[in-house]
Amino acid sequence: MHKSYGVGTPVELEVLHGIDLVLERGEFTALVGPSGSGKTTLLNLIGLLDRPNAGRLFIEGQETGGLGEEDITRLRGRSIGFVFQYHYLLPAFTALENVMMPILAARGRPDDEMRATAATLLDRVGLTPWRDSKATEISGGQQQRVAIARALAMNPALVLADEPSGNLDTASADGVFDVLREINETSRTTFLIVTHDPRLAQRCDRIVELVDGRIVSDRPNAHVLRSSSG
Amino acid sequence: MKRFAFFELIVAFRFMREGLMQTLLIILGVGLGGGVIVFMSALLSGLQANVVRRTLNYQAPIRILPPDQVARPLRAVEGAEIAAQVQPRSQRLRSIDQWQKIRDQIERTPDVVAVTPVVAGPGFALRGDASKSVTITGIEPESYFRVIALDEKIVAGRHDIGPLDIVIGTELAKDLGANVGDKFRLATAVGANATLTVIGLFDFGNKGANERNVYVALRSAQNLLDLVGGASAIEVKVRDPFAAETIAQTIRGGTDLQVESWIVTNAQFFTAMRAQILTNTLIRLFVGLTVALGIASVLVVSVIQKQKEIGILRAMGASRGQVLRVFLIQGGAVALAGSVLGSALAWTFLLAWRELARNPDGTLMFIVEIEPSLFAIAMVTATLVGILAAATPARRAARLDPVVAIRS
């Protein structure tokens with residue numbers, strides 16, 4: 001995939017120069033690279049928040065280039081979960097309601113089943129005691145975990161995380177990472193995680209390095225593979 | 001597949017609750033604006049109805065008079081010069097030719113409710129040292145009361161006018177120092193006079209009419225005004241007073257008589273009313289516009305404040321349509337709440353106004369009828385205006401690019 005900004009203007013800039021990447025189901029991949037290398041841009045393309053100028057993107061085998069705005073939105077809602085550096089929870093809603101929100105948007109009216117799904121997810125990220133707290137009343141680490149539970153609400157095939165622990169202290173960051181890893185292992189959810197933290201990258205199955213809009217290295221992480229298989 | 005907009009409703013109401021201060025302020029703003037609009041509408045229609053009712057108290061919607069007499073120049077004779085100047089002829093009181101036939105004919109006109117002949121002319125009421133100029137109206141009580149509800153305006157005495165009876169207004173009674181049962185002399189310019197007994201006093205709620213109008217039997221007026229067997233006018237009541245002019249034109253078409261509708265004789269009043277409706281409408285329009293702009297500006301700010309939240313809603317699968325509706329609902333809901341408040345305010349104002357706006361004598365200046373339909377219309381209109389006002393900010397929110405919204 002290629003992606004340029006400012007097409008047709010004097011300041012046209014290509015930020016991704018032919019990215020070729022396959023994420024297998026259940027993979028837990030780290031996307032690393034210096035600032036400005038195009039990590040977030042790539043994440044937005046894969047997450048259907050943006051479209052490439054050239055190239056094709058398949059989500060669960062479906063070609064996405066020909067889809068209209070509504071179909072893209074539906075596919076995104078169903079197949080992809082997002083965790084951003086900042087949690088972006090809706091402050092007017094409780095933790096539980098925030099987790100329910102993607103299901104509510106998809107189905108239209110609230111029911112007990114979606115409440116139960118959300119409660120289960122909150123339980124998985126260890127936040128059951130805070131389920132009725134407003135999103136603004138819990139700590140940063142907890143907020144990020146609510147955001148993770150929300151990303152999982154539609155049981156997506158792929159979760160894209162853009163520096164999910166970037167705003168957190170080490171202990172909270174580790175906790176958030178543990179949650180991601182645990183979900184990956186129990187649900188076989190595919191993860192693509194942008195991170196600056198080499199320590200966290202080392203805990204992933206595969207590390208893709210991006211420099212100046214090109215993939216410069218793409219290798220399995222032997223250390224993790226050994227430890228998880230052994 | 002159409003789903004009911006629960007998601008949109010839930011998000012919209014949470015957003016409004018989140019910015020509670022903003023929401024309450026705009027509801028208050030809409031309420032005040034809406035209150036002014038409802039109050040002015042009620043006042044205007046009340047005023048209109050009152051003036052109409054009062055005018056038609058003592059004036060028939062349509063009055064038919066004999067044709068004006070015109071002086072015709074002599075026909076030009078061969079070889080002779082004729083003076084070109086023609087003096088307008090002075091009009092004497094005349095009877096309508098064959099008024100019985102015309103009356104019967106008008107009675108058959110559609111939308112005509114009642115028809116009555118009258119003899120009306122000037123006269124003097126004389127009692128002791130007092131002399132007052134009056135308009136004598138000779139009536140056939142039965143048919144006349146169907147056109148003008150004089151019988152309902154009697155405040156003292158009776159209304160069954162006999163040959164030697166007279167009914168006068170409260171003002172004239174005061175001026176003459178006469179009361180029910182007293183006698184006075186009525187004289188006219190043709191030299192006739194009669195001594196009549198006051199059998200009743202009326203009050204039309206209009207000083208001029210109470211001072212000037214006197215009612216006698218048709219036969220008495222015919223004698224006093226030297227129109228024996230005649231009728232100087234035919235008065236007509238129609239179903240819809242505002243259609244009077246159209247009906248008058250229909251009647252006019254069939255005769256050479258003068259047919260005057262109250263709409264033409266009160267042209268000044270109708271001009272004033274039109275001007276009032278126009279200014280009133282303009283004020284209401286601008287107040288409405290201000291309210292709509294207020295709603296729009298609050299929502300524009302709200303969209304900017306909530307950019308990131310809108311972005312995340314979009315990222316997690318909310319469609320553009322859903323985001324659009326979230327803001328349209330907010331516009332409509334704020335306007336609806338505001339109009340409920342406005343209606344309550346207007347109701348209060350109207351009740352207060354009704355109490356405060358009194359004539360010098362302490363009677364109510366006019367009765368404002370509080371119509372529930374007005375409030376219903378106000379609420380429906382306000383909600384539509386609110387949704388319309390929300391359209392621009394809502395479309396802006398729907399068009400937000402999630403990437404840009406989250407990143408900004």
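Two residues are in contact if their C-beta atoms, placed from the backbone, lie within 7 Å. In this predicted model, local features need pLDDT of at least 70 and side-chain atom pairs count only at pLDDT 80 or more, whereas totals for chains, interfaces and linings use all residues. Residues are numbered from 1 along each chain as its sequence is written, and chains are lettered from A and ligands numbered from 1 in the order in which they are written.

Beyond its neighbours within four places in sequence, A:Val99 is in contact with A:Ala118, A:Leu121, A:Leu122, A:Val146, A:Ala149, A:Arg150 and A:Ala153. Together with A:Ile148 and B:Ile295, A:Val99 has the most contacts inside the largest nonpolar core. Such a core is a set of buried Ala, Val, Leu, Ile, Met, Phe, Trp, Tyr and Cys residues joined through C-beta atoms within 7 Å; buried means that 20 or more other C-beta atoms lie within 10 Å of the residue's own.

| Nonpolar core | Size | Residues named |
|---|---|---|
| Largest | 117 residues | A:Val99, A:Ile148, B:Ile295 |
| Second, separate | 57 residues | B:Ile64, B:Tyr144, B:Ile168, B:Ile247, among others |

Of the 230 residues in chain A, 44% are buried. The C-alpha trace of chain A spans about 50 × 45 × 30 Å along its principal axes. Among contacts in chain A with a separation of 6 or more, 67% join residues 24 or more positions apart.

Between the chains, 22 residues of chain B are in contact with 27 residues of chain A. The largest share of the chain B side, six residues, comes from α1(B), a helix being a DSSP run of H or I with at least four residues.

Note on methods:
Helices (H or I, at least four residues) and strands (E, at least two) are DSSP runs, numbered from the N terminus. A residue is buried if 20 or more other C-beta atoms lie within 10 Å of its own, exposed if 12 or fewer, and partly exposed in between; C-beta atoms are placed from the backbone.
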